[in-house]
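Visitor: I would like a close look at one part of this model, and then at what it touches.

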Amino acid sequence: MTLGVAAHQTGGLAICFGSGQLIAHKFLSAFRAEIYYTGFGRPAVEWFLMVAAMMLPIIAPHLVLLRARIFRSQQTKAILAVIAGYMVVWCLIGVPLYLILIAFRASVALFDAHSIAPLLMYLFAIGWVWMPQRQRALNRCHRPPVLAGPTGQIVQTAGHYGLRLGRDCAVVCLPAMVAPMFAGQPLVMMFIVTHALLAERILQQPHNNRPSWIVAFVCMLGLAIPPV
Amino acid sequence: MSTRIRQSVYNLPSGDETLLWYGRAVADMRSRALSDPTSWWYMGAVHGNPNLNPPAGANQFWEQCQHQSWYFLPWHRGYLAAFEAMVSKAVAALGGPADWALPYWNYSEDLAQNPEARFLPPAFRDQTLPDGSDNPLFAPRVQAPGGDIGLGDGDVALDALDEDEFTPAVSFETGFGGPRTGFSHFGSANGQLERVPHNVVHVRINGWMADPRTAAFDPIFWLHHCNIDRLWEEWRAADSSHTNPDESAWLSGVTFDMHDGDGTAFTFTAGDMVDTTQILHGYRYDTIPTPSPVVVAAGRGVPEMVAREPELAGSSQAPVSLEDDLTSVRVQMQSEGVRRSFTESAFPTPVNVYLRLEEVTGKGVPADYEVLVDLEDDDEPPYPVGRLSTFGIAGASDTSKSHGGTGITEVYNITRAAERLRLTVESTPKLRVSFRKIEQRPVSKLEMPGPVPVQLPDTEASSIQVGRIGIYFD
């Protein structure tokens, strides 16, 4: 497998519109990045970029809160440890998901189910919104790590926190997040899904499922978006 | 209808029937079905639900109380107004006055003026009335001969009124009214008024009042919160600089659901709660002569963030269980990597020094703790810096709730203590933080009369753990 990035700068700056995937998109556009690959290279890079773009906006508030509770000398290490733990989880998820995606696309092509595929994905994502396992994971996302311990232990605790956060975020977000990908939809759909997931976290209340309806509604909206 | 006047329960005129009608209305509301939004049971569960099965549609209204949040005061104001409307309607239907208003219990009143101020009001003390019937205003509470529930000076102190800001811009300060949050049933840091006297009085009364899931089933709850609501008005009236937040996040960021006196659903925001004369029937307090200003400061926008956020300078080495009457913990200072101004010398370089108790979790109905700091090798007595109240700790520790069992966070500005202790980066390895348990008297046992059994959620032994103790400088 080989992987490389060829960049041709055309000038201009990547503009931040407050969303990770837009940043990534603008960055890649501005620099006319071309990714060439063989084997798993391209899907691995795509997956990594997609996770970073969609999920970093969601965990950014957690990182800000964590940073304020860590000794200055350890802040960088601890934040990197959280991100590393978080991305490890998502990279591990990416491998089987990639295989599933291949099988899924092959099945779609074999049975000519191009119109049914998005329907199935989004129906699953909508159904998942109401699953108690998802709600429990969403609750756990709000719990910060206990950071007591010798100074060297803080970074380790932060890494464990990243793993836990990655696991819980995956349980909460994965179906809605991958539905646009499986449905072959444009970037804007991922942008909308990211913000719906973020809004759900901010607005969630006990015994009130209105914020989850935001995610469900966006998934319903996804049914109307044609593939690229 | 004219604006109602809420009066001190100890200043009600001789022969006044406010509490008599309150008791009758309580009994009437208890006779209503759980599914009735104006029933005692439904309204109690709006604050917290111990073990009741929610009727259809109730989830939107139950377990909505706001704590450890800048919504603490406005949410409870709306809750009180709705309750007052329900009681008032019941009173009128029973033949009482049409302008019934909720009295408040001013336990912070000067003892020279009212020696009984800290005692439970007489109408709430006895289990039975003179005629032998059940007293509807009685509830399981601390055993209190003569009404003395053991409130001390520190329990009813009004230091919160000295706070300059409702919610300060610095994230660690919780101010008078509590920290910025979204919807917060539990799980953040207490504002100063919420910590003392609100939380402390809850735990001192004990019984149902000690747990938010049962607190609103005790009739004294409403007089206690009426006083807290009054103190909010008093704080605002005390100084023109005492203003409510003018940020849109506070004014309209979260919408709350409630039922009015007719049982009709309505919604409100914190911004709807700034003028007491405009809330449902409208009310004001007898000790605050003029209605509070309605207008919030215009043009201030989002408060400017202070450039220097507090920085962690010391931390405990492991979570601490508060099992004994006195638990002491050494806080280790990290001298490397902190800002130069800290290491170069020391006090009084930092503007403020904070003690932060993080992830305080637990279960049961525990006591409160007095928090003290001192240096291990000096002869000075420990310096008290505040209370650690465990009110609501079980709910805040429940991992099945939306906050994920985060627990409670308490922040104390210990700058004065640091001054006295000559706290420096070099000396903080010797800093000791202690938790002294405040003795609790036993609770009287009582089954609530009525169709719905309400029990204390936790009767097992309590346990409290402090996840981390942090010292922060700014």
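Visitor: What percentage of the 228 residues in chain A do buried residues make up?

Guide: In this predicted model, buried residues account for 32% of the 228 residues in chain A; buried means that 20 or more other C-beta atoms, placed from the backbone, lie within 10 Å of a residue's own. Local features need pLDDT of at least 70 and side-chain atom pairs 80 or more, while totals for chains, interfaces and linings use all residues. Residues are numbered from 1 along each chain as written, and chains are lettered from A in the order written.

The secondary structure of chain A consists of eight helices and two strands (DSSP runs of at least four and at least two residues, respectively). Along the sequence, the pattern is β-α-β-α-α-α-α-α-α-α.

Elsewhere in chain B, four strands form an open antiparallel sheet in the order E7-E13-E10-E11, where a pair needs at least two DSSP bridges. Strand E7 (326–330) and strand E11 (383–388) of chain B stand at the edges; each has a single partner strand, so one side of each is left without a neighbour in the sheet. E7(B) runs antiparallel to strand E13 (residues 431–437) of chain B, and five bridges join the two. In one of these positions, B:Ser328 has B:Ser434 in E13(B) as its bridge partner.

The helices of chain B give two further views. Helix H5 (residues 220–238) of chain B is mostly covered, with 14 of its 19 residues buried. H1(B) and H3(B) meet each other: B:Trp21, B:Tyr22, B:Ala25, B:Asp28 and B:Met29 come from H1(B), and B:Met86, B:Val87, B:Ala90 and B:Val91 come from H3(B).

Definitions and conventions:
Contact = placed C-beta atoms within 7 Å. Buried ≥ 20, exposed ≤ 12 C-beta atoms within 10 Å, placed from the backbone.
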